[in-house]
Amino acid sequence: MNHIRRRPTFQAAIDHVRIGSDAPIAVQSMTNTDTADAQATAEQVKRLSDAGSELVRITVNSPEAAANVAEIRQRLNDMGCNTPLIGDFHFNGERLLQEFPACARALSKYRINPGNVGKGAKGDEKFAYMIRTAAEHNKAVRIGVNWGSLDQVLAKRMMDANMALSSPKPAEAVMKEALIVSALESAQKAVDLGLPENKIILSCKVSHVQDLIDVYRDLAARCAFPLHLGLTEAGMGSKGIVASTAALAVLLQTGIGDTIRVSLTPEPGSPREQEVVVAQEILQTMGLRSFTPMVTACPGCGRTTSTVFQELARDIQHHLRDKMPLWRSQYPGVETLNVAVMGCVVNGPGESKLADIGISLPGTGETPIAPVYIDGERAVTLKGNNMTAEFLQIVEDYIHSHYGEGGSKRNHHAVIPIHNA
């Protein structure tokens, strides 16, 4: 049993998605289309949702964007996609919500950055309008503070107070504290304005791993609001994946985090859905949730000079993920399936027996046959040039018989429980 204990939080409801308390940690993503293009945005939201994103944030930055939010929501409904939409507001959110009431109603959650609402009394009025609009429409709000857009009035006030101390703290420590104070003070203002506590989610995003860990540990100790985790501007490729994993895994392991996003800079032409896949794999490899069947595959060595096992592992992994949008409803529990694709006799049979289905391919100099193990027992031996197609069919047959109607593993969700502290 997993002994990770989630910190006690309020539980927020964002349409059908529960956030906080003992609810599953939710995966979130964000579009990078122009929201003024309703068709392109709706199609990207649908792809992100099909990949497993449970909440999708869209930019609402202009009258043209705000005017299209209700249409985007309708297009998604027509496609059978009920994934909640989050409106990302900066600088002019109160005006857009006021001028486009259909936008205010169509969104499930508003993201407000206290540093970008406005300064002084004018900023307070703008913030109050957005909060009251959310309360009127029973919408959730994420108060999202960012290192790069921190409220400068607050930061200066705290820096000045620090410099007046006999032993001032390092400037970096004051800035971290300013992030947390901005989030907590804004949350209290929202409550005072009539937004229920269980409609508020907080985030304090920074771009460096250790800073993120420090800030969220402190924030978690000082409030009971659900927390959204994410390393902002994580970067591209392996750097972004590694940095996000390093930061989020440490926090999740200590029970901190209720929603997560992996903010990858996409490679030119690469699918936006990669950030969803990485977020899911962080949660699944930590044993916190199951999203798609997992493939165990060896890294290869001098015994595996052929690329056959690499190609089979790749094809199996792609096949399983591509099928999940359909399988999710057709075969409940299939996300817990474990498949092993091994490259030689050293660990191949053992790992294959431990998986639900495993294949041990021949290494260099080994007999050109591949035993397949099902539920720990050797079931069949494959050989020849058609092994990939034959093994894929074995996997499909197993899923149908075990997770289909009347199957022994149907509805079996091997999600390791996380207990509240």
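Author: D50 counts as partly exposed because its relative accessibility is 28%; buried means under 20% relative accessible area, exposed over 50%, and partly exposed in between (1.4 Å probe, protein chains only). This is a predicted model, in which local features need pLDDT of at least 70 and side-chain atom pairs count only at pLDDT 80 or more, while totals for chains, interfaces and linings use all residues. Residues are numbered from 1 along each chain as its sequence is written, and side-chain values use heavy atoms, leaving out hydrogens and water.

The partner of D50 is K46, in a salt bridge whose closest N and O atoms are 3.0 Å apart. The term requires a side-chain nitrogen of Lys or Arg within 4 Å of a carboxyl oxygen of Asp or Glu. By this rule there are 22 salt bridges. K46 and D50 are 4 residues apart in helix α1 (residues 38–51), about one turn of the helix. Helices (H or I, at least four residues) and strands (E, at least two) are DSSP runs, numbered from the N terminus.

Helix α6 (residues 152–163) holds another pair, K156 and D160, also 4 residues apart, with 2.9 Å from N to O. K156 is exposed because its relative accessibility is 53%, and D160, at 42%, is partly exposed.

R57 and D88 form a salt bridge at 2.8 Å, N to O. This pair links distant parts of the chain, 31 residues apart: R57 is in strand β5 (residues 55–59) and D88 in strand β6 (residues 85–89). Both R57 and D88 are buried.

Finally, a network of salt bridges links E172, K176, D211 and D214.
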